[in-house]
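Here is a briefing on the pockets of one protein model. Please look over the sequence and the structure before reading on.

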Amino acid sequence: MSAVPLPPLPPSADDAYRPGGRSMADLADTEHRQLLALVDEVTDATVAPGRRREVLQVLTAMVSRHLSAEEQYLLPTVRAALPDATARVEREIAADATLLTALKALAGPDDPTLADVAAQVRRHVTAVAELVTPLREVASDAELIRLGNRWEIAEEAAPTRPHPGTPATPPWNRIVEPAVGVVDKLRDAVTGRRTQLADLNRRPRQ
């Protein structure tokens, strides 16, 4: 498979080089399934209110990190590798800002706008999946794995709260979002806020 124009990556030793790690496309697909599961749970009225509050905290953090990584690596890659998809990339960047704004405004799991947020998450998953599928066809496994490694680094440093006003395209988002993420993580540590799937299984602090 021939190489496609991608965002800057460290050079590989040769065409046969296969780095370790997970493909960016696989990471996106996995996280999309996780987001859909969280949306289903937080909108389920039979779930206990306390549990729904915790799920909403994790959903908010995961969406914030996920969109940050997508805008830093996946969407620029799609723009470079699939020129015909440029307009769709622009629509996704605009939709990301709308979703982050709606998440930021949520007052809690009983907020009547939660249904709209859930619909936006589901729309996002469908729209981005339609970009990932053709990307798999033109990018090599090694390229997608190298990008996946950067995706995971980006998510580790990403904000855990919605910041719709931050830059949404490189290079500025790769500079600003880690700085915002530091502040978010300090607030999370002080408040005990849940931000990871694993946090949903831990007991509340006494």
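The model is a predicted one. Its largest pocket has a volume of about 390 Å³, and the second largest pocket holds about 290 Å³ of space.

**Largest pocket**

- The lining of the largest pocket consists of 17 residues.
- Closest to the centre of this pocket are Glu31, Arg65, Glu155, Glu156 and Gln196.
- Four helices each supply at least two lining residues: H1 (24–42), H2 (49–81), H5 (141–157) and H6 (172–191).
- Helix H1 gives the most to this lining, with four residues.

**Second largest pocket**

- In the second largest pocket, 15 residues form the lining.
- Thr60, Leu103, Leu106, Arg161 and Arg193 are the lining residues that lie nearest the centre of this pocket.
- Helices H2 and H3 (86–105) each contribute at least two residues to the lining.
- The most comes from H2, which gives four residues.
- This lining divides into six nonpolar, five charged and four polar residues.

**Helix H2 in both linings**

- Helix H2 supplies at least two residues to the lining of the largest pocket, and H2 also gives four residues to the lining of the second largest pocket.

Note on methods. Residues numbered from 1 in each chain as written. Predicted model: local features only at pLDDT ≥ 70, side-chain atom pairs only at ≥ 80, totals over all residues. Heavy atoms only, no water. 1 Å grid on protein atoms, 1.4 Å probe; cavity = no way out; pocket = protein on both sides within 12 Å on 5 of 7 lines; lining within 4 Å. Points joined across faces, edges and corners; volume = space filled by probe spheres on them. Nonpolar A, V, L, I, M, F, W, Y, C, P; charged D, E, K, R; others polar.
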